[in-house]
Amino acid sequence: MMDESAMNSDVLSGVGIRVFLGKGGVGKTTCAAATALHFAESGKRTLVLSTDPTPSLSHIFDRQRSEPGHEVVKHLFLTELGLEEVRTMWDERFGREVYDVFSAFVDVEYGTFVEFMTSVLPGLNEEFMVDYVRRIALEGRYRRIVWDTAPLGQTLALLGTPSLLARHLRMAPRVYSHLRTSGVRRESMMDVLRRWESLASLCMAFLRQSVRFVMVTIPEALALRQLDDVFRELANYGLKVEHLIVNNVITIADSPFLAQKGAQQQEHLRQLRQRYGQLSITEIPLFPHEIQGLERLRQVAAVLGPGLHDR
Ligand SMILES: Nc1ncnc2c1ncn2[C@@H]1O[C@H](COP(=O)(O)OP(=O)(O)OP(=O)(O)O)[C@@H](O)[C@H]1O
Ligand SMILES: [Mg+2]
């Protein structure tokens with residue numbers, strides 16, 4: 001019989017999953033939405049998923065916010081998870097068992113505990129999201145999953161935390177052993193820890209093997225400087241970025257103002273091509289309007305092109 005992880009990798013190999021990363025405001029949601037629309041319009045059942053606490057996907061698609069997984073366009077399903085949804089789901093999936101461990105040595109009421117965990121512990125929401133996306137992918141209902149993330153500061157925590165909580169929890173038995181001596185409770189706590197650790201490694205393997213990373217940036221000095229750090233951090237976790245999207249590139253400089261700005265951008269673009277020449281780089285022009293609605297998303301999708309869209 002096939003073991004579970006072999007079966008999982010079978011299912012996952014049939015799902016194309018892309019995650020869009022980048023600092024605040026560079027166009028992650030726009031690029032994610034355009035990519036998802038392209039997949040849907042080529043007949044692939046696609047989920048576009050936002051884990052940004054202030055989601056804007058519905059707005060881009062010109063729709064009201066609605067229940068997770070509703071169909072916005074034929075074949076295109078949209079899920080926006082704000083802090084409340086994430087908190088509820090985290091609570092349902094993990095809350096009780098983590099609370100059991102913590103309540104062994106911290107006297108805290110359950111509701112307060114969940115609120116504390118989901119808002120204070122860095123990256124906990126994002127860690128949970130990796131598990132959430134992984135489970136959705138395993139259900140096999142979508143052929144493409146496009147995952148729009150929160151701005152980088154928060155998303156990077158996503159990478160560090162699959163093992164963070166396990167590490168936190170590993171300290172618990174030591175503290176715990178000073179407080180209580182019941183063998184049964186202690187055993188169950190060790191079980192929780194082991195389950196958490198194996199979940200953390202499943203999530204990491206999922207990110208490494210089944211998720212393609214797309215970095216979005218703009219041709220500005222600060223954005224460039226941050227990129228190096230992010231690439232290094234990703235590499236530390238064995239994660240590779242495949243595509244780099246450079247957004248907001250000035251292509252028509254019909255004023256001295258734009259000409260000067262455009263010349264500065266060209267310098268940054270030159271550096272980007274030099275530093276990241278091994279990646280596929282796509283430049284998206286700065287449009288004279290915001291990107292909202294299907295027509296404008298299609299324009300962006302056309303620029304993103306087959307390099308990003310398929311395989
Ligand atoms: N190439 C472009 N030309 C013109 N406007 C653009 C372009 N790309 C994005 N925009 C606009 O810039 C704004 C920010 O884009 P978007 O929401 O996609 O960024 P984001 O990286 O997801 O932001 P956040 O970090 O806040 O989630 C939006 O109003 C969008 O319409
Ligand atoms: Mg966004």
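## Contacts of Val48 and the nonpolar core

In this predicted model, Val48 is in contact, once its neighbours within four places in sequence are left aside, with Ala32, Ala33, Ala36, Leu57, Leu76, Leu78, Val146 and Asp148. Val48 is also listed, together with Ala33, Ala36, Val133 and Ile145, among the residues with the most contacts inside the largest nonpolar core, which has 59 residues. Helix H2 supplies the largest share of this core, namely 8 residues.

## Overall composition

The protein chain has 311 residues, of which 34% count as buried, and its secondary structure comes to 12 helices and 8 strands. Among the contacts in the chain with a separation of 6 or more, 79% are accounted for by residues 24 or more positions apart.

## The sheet

The model contains an open sheet of 8 strands, arranged in the order S3-S4-S2-S5-S1-S6-S7-S8 and with mixed pairing. Its edge strands are S3 (70-73) and S8 (280-285), each of which pairs on one side only. From one strand to the next, the twist averages 25 degrees.

Within this arrangement, strand S2 (residues 46-50) and strand S4 (residues 76-80) run parallel and are joined by 5 bridges. As one detail of this pairing, Leu49 has Thr79 in S4 as its bridge partner.

## Surroundings of ligand 1

Ligand 1 is surrounded by 18 residues, and the closest of them are Lys28, Thr29, Thr30, Phe287 and Glu290. The elements that give two or more residues to this shell are helix H2 (28-41) and strand S7 (241-249).

By residue class, the shell around ligand 1 divides into 6 nonpolar, 9 polar and 3 charged residues.

## Leu202 in helix H9

Leu202 has its place in helix H9 (residues 183-210). Is this residue buried, exposed or partly exposed? Because 17 other C-beta atoms lie within 10 Å of its own, Leu202 counts as partly exposed, given that 20 or more would be needed for a buried residue and 12 or fewer for an exposed one.

Leu202 and Val130 are separated by 72 residues in sequence, while the distance between them in space, C-alpha to C-alpha, is 9.7 Å.

Conventions
Residues are numbered from 1 along each chain as its sequence is written. Chains are lettered from A and ligands numbered from 1 in the order in which they are written. This is a predicted model: local features need pLDDT of at least 70, side-chain atom pairs count only at pLDDT 80 or more; totals for chains, interfaces and linings use all residues. A residue is near a molecule or strand if its C-beta atom, placed from the backbone, lies within 6 Å of it. Helices (H or I, at least four residues) and strands (E, at least two) are DSSP runs, numbered from the N terminus. Ala, Val, Leu, Ile, Met, Phe, Trp, Tyr, Cys and Pro count as nonpolar, Asp, Glu, Lys and Arg as charged, and the others, Gly among them, as polar. A nonpolar core is a set of buried Ala, Val, Leu, Ile, Met, Phe, Trp, Tyr and Cys residues joined through C-beta atoms within 7 Å. Two residues are in contact if their C-beta atoms, placed from the backbone, lie within 7 Å. Two strands pair if DSSP finds at least two bridges between them. Axes are lines fitted to C-alpha atoms, for helices over the stretch in contact, and angles run from 0 to 180 degrees between N-to-C directions.
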